[in-house]
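The following note sets out numbered remarks for a colleague who wishes to read this model alongside its sequence. Please keep the structure open while going through the points.

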Amino acid sequence: MEYLKVILIILLLLFITGCAKKPSSNDGIILPTGSFECNITIDSSQEIGEISPYIYGANQDIEGVKHTARRIGGNRLTGYNWETNMSNAGSDWYHSSDYYLPWHMGIPQSDYNKPAIVLTKFHDKSVDMGAISLITLQMAGYVAKDANGSVSEEETAPSSRWAEVIFRKGSNLSLNPDTNDNSVYMDELLNFLITKYGNSDSQTGIKGYLLDNEPDLWNTTHPRIHPQKVTCNELITKSIELAKVVKEMDPKALVFGYESYGFMGFYSLQDAPDWNDVKGNHKWFISYYLQKMREASEQYGKRLLDVLSIHWYPEARSSSGVRICFDGENATDADISIARMQAPRTLWDPTYKTSVKGQITSGENSWINQWFPEFLPLIPRIKEDINTYYPETKLAITEFDYGGKDHISGGIALVDVLGIFGKYGVYLATRWADSGTYAASAYNIYLNYDGKGSKYGDICVKADTSDVEKMPVYASICKDNKNKLHIILINRTLDKEGIAKIKIQGNNPYTSCTIYGFDYRSPEIKKIGTIENIENNYFELKIPQLTVYHLVF
């Protein structure tokens with residue numbers, strides 16, 4: 001009897017404690033505690049520029065998303081032998097040489113040794129999806145010659161465990177390459193792919209080629225292939241020569257380089273041994289690389305670099321020091337969620353950075369903002385260097401991730417990032433992360449907002465917000481119907497309803513719109529409703545906290 005009394009008392013205390021809590025949903029999201037007003041101004045007559053269709057790409061397909069661009073890249077591809085489909089994991093997994101790539105792609109074991117089947121299976125899927133493919137070419141020097149597992153330090157290349165990468169075989173290009181000659185040829189690979197699919201400008205051709213992957217980290221990721229730090233001279237020389245091979249084989253194919261891993265790669269090629277000797281007046285390696293590729297192109301007589309390609313994993317941290325991606329990738333508490341949702345501002349917002357080097361006075365909590373604020377915001381700074389050192393070069397971000405793939409904060413951050421890519425003229429972007437429910441919603445709010453394949457517009461127009469911290473906004477019209485207006489509105493506050501006061505300027509009168517969206521309660525994109533009887537292109541709209549709306553006029 002006493003035992004039952006104790007149990008009843010415990011249950012009563014738990015009930016009282018539960019009733020005393022603030023009303024909340026999971027993941028630290030509390031019910032609204034107030035509201036804010038935000039002035040939104042759209043001018044549909046002021047076209048900023050075309051939105052590239054290729055910013056909605058991926059390295060790993062997201063379930064339920066029809067991506068527009070697909071990249072096969074990453075650490076595994078540096079040591080990939082196209083003749084046999086063997087590859088090496090580098091420091092990611094015990095420097096193992098094996099058949100991981102065909103196994104991971106579900107290729108039957110009987111087909112493992114079919115030339116380039118990893119690449120052809122990948123591209124076949126792109127063709128089926130209506131997406132373009134980006135294929136990584138090997139440039140570090142060696143690729144796996146066997147599938148016998150871990151490579152010891154004593155077996156560092158050159159050794160019997162490796163085949164040498166040679167850019168030009170020059171003649172007798174074979175569709176059945178010799179796997180016993182200790183060499184792998186890049187022109188022979190290109191010939192194989194072009195023979196199978198046609199040139200890049202054909203309906204099934206491969207659109208672009210990447211000059212390997214993260215060369216600034218070769219010595220740490222692939223010390224059995226490239227134990228020494230890459231030098232500026234080596235990277236530039238190899239990039240020029242391999243780019244020439246691509247242009248000779250497929251003149252209209254796009255060359256992407258240099259696939260830098262992150263900020264210190266942008267800054268000094270990860271402290272390349274010869275950086276201080278060659279940099280001259282250049283503030284960082286990006287501008288030096290652009291200049292050298294332009295000079296080589298002028299000497300060669302045709303463009304050798306079409307797209308400057310970089311990787312961007314934000315260094316933003318919560319106030320408690322947790323990075324929003326990697327160590328905080330799946331973290332969803334309020335502190336990390338706020339940092340994650342604000343982090344995209346580093347890509348474009350000049351007010352979101354410190355003005356005092358070494359002391360963060362505003363903007364994100366990151367070592368980049370603390371010590372290198374002069375290079376922020378990132379996209380305008382890179383675009384400025386492109387215009388100065390190699391005009392008309394496109395910009396691609398071929399790996400990026402903001403974490404929170406199954407949380408509303410990750411969905412909001414990704415919607416914001418995709419809006420930024422469109423507004424600020426990024427040519428191509430391919431996310432690096434697994435599928436996620438909110439990640440899927442972020443893409444589909446642009447690519448399939450009504451479940452019938454309807455898309456966001458392809459011409460960016462002027463869109464301003466009076467409170468970018470709380471409510472970012474993006475707008476577009478359509479090339480085939482410039483009267484059709486799209487607005488993406490985000491309320492990224494944790495606990496406040498936003499009242500958007502929306503004024504649309506321009507020549508077109510709009511009298512109604514349909515709203516689609518998702519929020520913290522569910523990643524499902526739903527038709528929220530319609531607004532009728534809009535007068536003088538002005539109306540007010542209440543947007544709950546942690547909500548994304550897509551308005552279609």
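By class, how many nonpolar, polar and charged residues does the lining of the second largest pocket have? The lining of the second largest pocket has ten nonpolar, eleven polar and six charged residues. In this classification Ala, Val, Leu, Ile, Met, Phe, Trp, Tyr, Cys and Pro count as nonpolar, Asp, Glu, Lys and Arg as charged, and the others, Gly among them, as polar.

1. Basis of the note. This is a predicted model, in which local features need pLDDT of at least 70 and side-chain atom pairs count only at pLDDT 80 or more, while totals for chains, interfaces and linings use all residues. Residues are numbered from 1 along each chain as its sequence is written, and side-chain values use heavy atoms, with hydrogens and water left out.

2. Second largest pocket. About 490 Å³ of space lies in this pocket. Its lining has 27 residues, and Pro53, Tyr56, Leu447, Lys455 and Tyr456 lie nearest its centre. Helix H15 (437-447) and strand S18 (481-491) are the elements that give two or more residues to this lining. H15 gives the most, with three residues. Helices (H or I, at least four residues) and strands (E, at least two) are DSSP runs, numbered from the N terminus. On a 1 Å grid over the protein atoms alone, a pocket is an open set of points with protein on both sides within 12 Å along at least five of seven lines; a cavity is a set of points where a 1.4 Å probe fits but cannot get out, and lining residues have an atom within 4 Å of a point. Grid points are joined across faces, edges and corners, and a volume is the space filled by probe spheres set on the points.

3. Largest pocket. The space in the largest pocket comes to about 840 Å³. Of the 30 residues that line the largest pocket, Asn59, Gln60, Gly73, His104 and Trp432 lie nearest its centre. Strand S3 (69-72), helix H2 (75-78), helix H3 (100-104) and helix H4 (117-129) each contribute at least two residues to the lining. By class, this lining has twelve nonpolar, eight polar and ten charged residues.

4. Cavities. The count comes to four cavities of 30 Å³ or more. The largest cavity has a volume of about 60 Å³. Its lining includes Phe400, Asp401, Tyr402, Lys405, Leu414 and Arg431. Helix H14 provides the largest share of that lining, three residues. The lining of the largest cavity divides into four nonpolar, four polar and three charged residues.

5. Helix H14. At 1.5 Å a residue, the 16 residues of H14 (residues 408-423) should span 22 Å, and its end C-alpha atoms are 22 Å apart, which agrees. The expected span is 1.5 Å times one less than the number of residues. H14 is mostly covered, with 15 of its 16 residues buried. Buried means under 20% relative accessible area, exposed over 50%, and partly exposed in between (1.4 Å probe, protein chains only). Just after H14, Gly425 takes a positive phi of about 75°.

6. A three-stranded sheet. An open sheet has the strand order S4-S5-S8, with antiparallel pairing. Strand S4 (87-88) and strand S8 (149-150) are the edge strands, each pairing on one side only. S4 and strand S5 (residues 96-98) run antiparallel and are joined by two bridges. Within this arrangement, Ser87 stands opposite Asp98 in S5. Two strands pair if DSSP finds at least two bridges between them.

7. Backbone features to check. Most residues other than glycine have a negative phi, and most peptide bonds are trans. The peptide bond from Ala157 to Pro158 is cis, with omega near 0°, and Pro158 is placed in the loop between S8 and strand S9 (162-166). Leu376 and Pro377 are also joined by a cis peptide bond, with omega about -5°. Pro377 lies in the loop between helix H12 (367-371) and helix H13 (378-389). Asn85, although not a glycine, has a positive phi of about 70°. Asn85 is buried, with a relative accessible area of 0%. Asn182 has a positive phi near 65°, but Asn182 is partly exposed, with a relative accessible area of 43%.

8. Cysteines. The count of disulfides comes to zero, a disulfide being a pair of cysteine sulfur atoms within 2.5 Å. Cys232 is buried at 0% relative accessible area, and Cys325 counts as buried at 1%.
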